[in-house]
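Please keep the structure open while reading.

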Amino acid sequence: MAYILGIESSCDDTSAAVLKDTLLLSNVMASQEVHKKYGGVVPELASRAHQQNIVPVVSQALDLAGIGIREVHAIAFTRGPGLLGSLLVGTSFAKGLSLSTGTPVIEVNHLTGHVLSHFIDVPSPSGTGTEPASGRKPDFPFLCLLVSGGHTQILKVKAPLAYEILGQTIDDAVGEAFDKGAKLLGLEYPGGPQIDRLAREGDPEKFPFARPRIENLDFSFSGVKTSFLYFLRDMQAQDPGFIASNQAHLAAGLQKTLIDILTEKVIRAVKMTGIKRVALAGGVSANSGLRTRMILESGKRNWDMFIPPLRFTTDNAAMIAITGYYKWLEGRTSGLDIAPVTRSSLMPGE
Ligand code: KG4
Ligand code: ZN
């Protein structure tokens, strides 16, 4: 049995979680409201807020789990990708804690964390026993559509820590496309959830936007963004109230375009690999339109579909702790000379 403390600080949420093997005992999150008025994450403000939050967040996670720091077997932390200043807070804190307690640290790739969120167990609602947080855990190999603010990838997951990238974005991440589109509509950051909310009231067919033509499993979203921008500019020139009076239709049209692009590639990936187990992961997998569409396609095409519970879609430390647990099983601890990596040169699974 192992207690794993997970620490996540890659972007603008400070989070800590404790697992007992795969069972989640606590998952504490401090979200940073400070970025809202700037329309995006301001790296320096994010680092400072992490610095303020990290001690109380970790203490609370340990308290809720009912254990002391000396009972922890390993401290898993996000090494990257993410913002350097943000990653430095979590990394330095984990190393300091390790030095003072003798507990080993385990570096975790944030992207692996998103994928392995499907393997977290939670106490069952009846209070007796435990159950997978996602209802069921996918068997290996499975395909994972990893969609977040920084990444868009289709992965073949061969084992908890063995991945192959089948396709990925050649420009923006889909979360960025949601957020930038939302900004053009005058919505608050982060825009993805706002687009999701507005899209429910709009007609997705009213305003169609350009889709890229890419033959392989890679994605491109910059063309959609440009087409959206030019369309809004032209229409606003004719009618300055155009965006205000069509916000819901515009959100629905943009969301449908983005979901169509993602869905088409997943269908192609299933055809190419013959693997019919498909999982969603990452912040954009919170999108209700994407979830509904994937359930629909999986029903039509006989896929086994795995959709994470909402609280494990966006950044959280439980996913870092579960990845730490799998690395712990393999004895893969890290040295105290470890430093953050901001870019995704880290391969998922590493
Ligand atoms: O995984 P995540 O929390 O952070 C990164 O690793 O990037 O993903 C954040 C992204 C943001 O772009 C946010 O707008 C998007 O996920 N997002 C959504 C929804 N909830 C979060 N996008 C569309 N619909 C949502 N409901
Ligand atoms: Zn993330």
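Which of the 18 residues around ligand 1 come nearest? They are G149, D179, D196, G283 and N287. The model is predicted, and every value here is computed from it.

**The ligand site**

Three helices each supply at least two shell residues: α3 (110-116), α4 (174-184) and α5 (191-199). By class, the shell holds ten polar, five nonpolar and three charged residues.

| Residue | Protein atom | Ligand 1 atom | Distance |
|---|---|---|---|
| G150 | polar backbone atom | oxygen | 3.3 Å |
| G175 | backbone N or O | oxygen | 3.3 Å |
| N287 | polar side-chain atom | nitrogen | 3.0 Å |

On its own, ligand 1 has 560 Å² of accessible area, and the protein covers 88% of that.

**Residue T263**

T263 sits in helix α7, which spans residues 242-273. Is T263 buried or exposed? T263 is buried, because its relative accessible area is 0%, and the cut-off for buried is under 20%. The T263 side chain reaches the backbone oxygen of I259 at 2.6 Å. Setting aside neighbours within four places in sequence, T263 is in contact with R293, M294 and E297.

Conventions
Residues are numbered from 1 along each chain as its sequence is written. Chains are lettered from A and ligands numbered from 1 in the order in which they are written. This is a predicted model: local features need pLDDT of at least 70, side-chain atom pairs count only at pLDDT 80 or more; totals for chains, interfaces and linings use all residues. Side-chain values use heavy atoms; hydrogens and water are left out. Helices (H or I, at least four residues) and strands (E, at least two) are DSSP runs, numbered from the N terminus. Buried means under 20% relative accessible area, exposed over 50%, partly exposed in between (1.4 Å probe, protein chains only). A polar contact is a pair of N or O atoms within 3.5 Å; within protein, one must be able to donate a hydrogen and the other to accept it, and residues adjacent in sequence count only if both atoms are side-chain atoms. Contact means heavy atoms within 4.5 Å. A residue is near a molecule or strand if one of its heavy atoms lies within 4 Å of it. Accessible areas come from the Shrake-Rupley method with a 1.4 Å probe; for residues, only the protein chains shown count as cover. Ala, Val, Leu, Ile, Met, Phe, Trp, Tyr, Cys and Pro count as nonpolar, Asp, Glu, Lys and Arg as charged, and the others, Gly among them, as polar.
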